[in-house]
Amino acid sequence: MRFSFFIPFLLILCRFSTVSSCDKRYESIFSFGDSLADTGNFLLSGALAFPVIRELPYGETFFSHATGRCSDGRLIVDFIAEAFRIPYLPPYLSLGKGKSFRHGVNFAVAGATALDPEFFFDQKLGRILWTNNSLSVQLRWFKKLKPSICSTKKDCDVLFRKSIFLVGEIGGNDYNYPFFVGGSIKQVQASVPLVVEAITKAASMLVEEGAVTLMVPGNFPIGCSAVYLTIFRSPNKADYDDNGCLKAFNAFAKYHNTHLKLALEKLRLKYPHAKIIYADYYSAAMPLFRAPRSFGFYNGALRACCGGGGPYNFNNSARCGHIGSKACTDPSSYVNWDGIHLTEGAYKLVAARLINDSFSSSL
């Protein structure tokens, strides 16, 4: 089954045996998305919805200080950068603060959505948005910055041929916001075509701007996330799979991913010169939930390392970093960091599997 995902990211991007040993074919990365990829834009934007990420224990594992990443350390985008010996991407909003953008830029913002904020205000959900810096805003940032990183079409063509455009993960928050205020799966499922269309339109725009290699991630198995397991906890054992994950929400994630893959197939036909890679975050992460101890996660995959108690150590009134919460002593033994995001250790393995084990494709 694993070989059905060819052509693999391994063959498209580079050939290497560890996450940190790629050649120099790619020299820059341009990243868009949400908290799974944000390296500081949310904090730099002045947003206050989740200010605890500006303080320890966030960032404690690798950086020894908070960086604006929603984890204890590095994210998937950081490990991809390491693989190509590219410096960690500066957040776009640090422009003009001594940062070099020649090796890429991170436009991702925690809490961002694929759809514009107006969609959520129309649904009476605008008040719970973490940020208004949606995918379309991030694309505008890119277009605004482009003349300062390559001044002519020839220069841009040379630069972008050696660049990876990471378009996501994005779309997860488009579903989180309505789910967390009581939206049913049927109701939220109706927005999947709109979300997928927004993602593919973004990819299309980037190709039109000169992007050649694009990596477009799908959704993680959200039914295994501590926040979903807590909010939608069920007394019915039939609602859970053998891994303890909520079957209905994992099925929803797969529904989104199926629609995204189909849309990317059409995009490849439109742009045959481009390498448009579907990054299967779901399949890359599921082994960690099936057999966490096999990967060294001896404290399991479902309970958060940092939180305020409860069966899954997620408590919305005492989230990680808030009063009443506590971080575990060894994040490397956990898959889940704060109930919503994964630990550095989990992200490292997902990144490695995406590349080494062919969990991405251009099919």
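Helices (H or I, at least four residues) and strands (E, at least two) are DSSP runs, numbered from the N terminus. The structure is a predicted model, in which local features need pLDDT of at least 70 and side-chain atom pairs count only at pLDDT 80 or more, while totals for chains, interfaces and linings use all residues. Residues are numbered from 1 along each chain as its sequence is written, and side-chain values use heavy atoms, with hydrogens and water left out.

Salt bridges were defined as a side-chain nitrogen of Lys or Arg within 4 Å of a carboxyl oxygen of Asp or Glu. By this rule there are eight salt bridges. Glu-197 and Lys-201 both lie in helix H9, four residues apart, about one turn of the helix. Their closest N and O atoms are 3.5 Å apart, and the two residues form a salt bridge. Buried means under 20% relative accessible area, exposed over 50%, and partly exposed in between (1.4 Å probe, protein chains only). Glu-197 is partly exposed at 37%, whereas Lys-201 is exposed at 54%. Salt bridges that share partners join Arg-74, Glu-82 and Glu-344 into one network.

Another salt bridge pairs Glu-27 with Lys-162, with 3.8 Å between the closest N and O atoms. This pair links distant parts of the chain, 135 residues apart: Glu-27 is in the loop between helix H1 (9-13) and strand S1 (28-32), and Lys-162 in the loop between helix H6 (153-161) and strand S3 (163-167). Glu-27 is partly exposed at 34% relative accessible area, and Lys-162 is partly exposed at 36%.

Helix H7 (residues 172-180) is mostly covered, with eight of its nine residues buried. The cover over these buried residues includes helix H4 (117-122), H8, H9, helix H10 (226-231) and helix H11 (247-270). Tyr-175 is one of the buried residues of H7. Contact means heavy atoms within 4.5 Å. Leaving aside neighbours within four places in sequence, Ser-191 is in contact with Tyr-175 and Phe-119. Ser-191 is found in the loop between helix H8 (185-189) and helix H9 (192-208), and counts as buried at 9% relative accessibility. Just after H7, Gly-182 takes a positive phi of about 105°. Val-181 is in the loop between H7 and H8 and is partly exposed, with a relative accessible area of 45%.
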